[in-house]
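Thank you all for coming; please keep the sequence and the structure open while I talk.

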Amino acid sequence: MNSLLGEFTKKLGDRWASLLALPGLLWLAVASAAVTAGHAHAFDLGRLRDRLTAFVEDPSHRAAGTALLLIAAVLLGSAVVGQAMSAGGRFVVWWWDRAGGGLLSGARSNRRRRWNAHLSIADGPTATAAEIAKHSTRADRICVIEPDRPFWIGDRVRAIHVRTLRIYHLDLSVTWPRLWLVLPEATQTALARASEAWAAAARLYAWAVLYGLLALAWYPALLVAAAIATTAQLRARRTTRDLADLTEAAVDVHYRELLELLGRSPGAGLDPGHGPELTGWFRRTRWDPASPLYE
């Protein structure tokens with residue numbers, strides 16, 4: 001037991017250092033440099049060097065007690081910043097999933113209009129094979145189902161539930177905890193890594209905002225924030241696609257296994273059946289086919 005707790009503590013410490021402490025320390029360092037340099041001396045490295053030298057050589061900072069307090073303050077500050085960015089990442093995920101009211105309604109309407117325009121051409125009676133392929137691909141790039149979110153990421157995550165409901169008549173939100181129990185360890189590991197990569201991309205957006213705030217004191221911080229935001233966007237789209245594809249693949253491959261463990265005989269077609277029955281069972285209510293869960 002002691003060895004198990006020791007290993008867990010070690011892994012937890014490594015995780016804290018990588019996710020919270022190190023990014024937080026870096027931000028504190030940049031923030032200190034930004035406040036010291038200011039707009040007037042944005043790229044004056046000599047000024048930063050002189051200020052740092054003066055701080056280190058200050059006799060009041062050499063006392064052991066003062067040094068320990070400074071180290072503790074820096075570590076605590078880095079942890080606070082890291083925790084704040086973790087919360088910021090959760091806010092970004094919530095923002096992605098917003099339905100698009102208010103200021104975001106225009107973005108949602110624009111995506112839906114473009115999606116319908118491409119599909120109308122692809123489904124037209126005079127459309128050639130090349131036009132069908134081209135406009136169907138362009139529609140899928142906007143969204144694999146009819147858009148209902150202002151952002152591609154929110155719609156791609158929503159599509160996991162919608163497509164599972166349409167294909168299997170199964171509510172994935174209540175089925176997933178049961179399905180997770182039958183997934184092989186390798187599949188669980190792959191999904192956990194994909195989920196963590198997706199969450200990390202969301203946190204990267206929060207870091208971009210935090211670095212952008214430093215532009216109030218040091219305008220080059222805008223360049224740093226823009227670079228981080230660009231990286232976050234690229235990672236977010238890639239990790240969203242990976243997580244969605246893995247989740248849907250897990251349902252496709254292991255749904256029959258779940259049915260058999262629950263004492264149900266899967267059908268012979270692509271849809272093994274029992275979706276409405278299981279949805280009602282898992283929700284502890286009666287399934288009403290006339291009231292779809294996702295419109």
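When I say that one residue touches another, or that two are in contact, I mean that they have heavy atoms within 4.5 Å. What you are looking at is a predicted model, in which local features need pLDDT of at least 70 and side-chain atom pairs count only at pLDDT 80 or more, while totals for chains, interfaces and linings use all residues. Residues are numbered from 1 along each chain as its sequence is written, and side-chain values use heavy atoms, with hydrogens and water left out.

Let me begin with A221, which touches Y211, L214 and A215 when residues up to four places away in sequence are not counted. A221 is found in helix α9, where helices (H or I, at least four residues) and strands (E, at least two) are DSSP runs, numbered from the N terminus. With a relative accessible area of 1%, A221 is buried; buried means under 20% relative accessible area, exposed means over 50%, and partly exposed is in between, using a 1.4 Å probe and protein chains only. A221 and A34 are 187 residues apart in sequence, and yet their C-alpha atoms are 8.0 Å apart in space.

Now to the way helix α9 meets other helices. The axes of helix α6 (residues 152-168) and helix α9 (residues 221-261) come within 9 Å and cross at roughly 10°. Here the axes are lines fitted to C-alpha atoms, for helices over the stretch in contact, and the angles run from 0 to 180 degrees between N-to-C directions. The two helices α6 and α9 are therefore roughly parallel to each other, given that angles under 35 degrees count as roughly parallel, over 145 as roughly antiparallel, 65 to 115 as roughly perpendicular, and the rest as oblique.

Which residues make this contact? On the α6 side they are W152, I153, R156, V157, A159, I160, R163, T164 and Y168, and on the α9 side A236, R237, T240, R241, A244, D245, T247, E248, V251, D252 and Y255. Sorted by class, the contact of α6 with α9 has 10 nonpolar, 3 polar and 7 charged residues; Ala, Val, Leu, Ile, Met, Phe, Trp, Tyr, Cys and Pro count as nonpolar, Asp, Glu, Lys and Arg as charged, and the others, Gly among them, as polar.

Although I153 and A236 are 83 residues apart in sequence, they are 7.6 Å apart in space, C-alpha to C-alpha.

Helix α7 (172-182) meets α9 in another way: α7 and α9 pack at an angle of about 75°, with their axes 9 Å apart, and they are therefore roughly perpendicular to each other. The contact is made by L172, T175, W176, R178, L179 and V182 of α7, together with T247, A250, V251, H254, Y255, E257, L258 and L261 of α9. These residues divide into 9 nonpolar, 3 polar and 2 charged.

Next come the aromatic rings. How many aromatic pairs does a search of the whole structure find? The search finds 10, where rings of Phe, Tyr and Trp (its six-membered ring) pair if their centres lie within 6.5 Å, and planes under 30 degrees apart count as stacked, over 60 as edge-to-face and the rest as tilted. W96 and Y205 form an edge-to-face pair, 5.8 Å centre to centre with 80° between the planes. W96 lies in helix α3 (residues 64-96) and Y205 in helix α8 (residues 185-213), so the pair ties together parts that are 109 residues apart in sequence. Y168 and Y255 also form an edge-to-face pair, at 5.3 Å centre to centre and 65° between the planes. This pair links distant parts of the chain, with Y168 in helix α6 and Y255 in helix α9, 87 residues apart. Y168 is buried at a relative accessible area of 7%, and Y255 counts as buried at 2%.

To finish, look at the loop between α6 and α7, which is the place of H169. Phi of H169 is near 55°, a positive value in a residue other than glycine, and H169 is partly exposed, with a relative accessible area of 37%.
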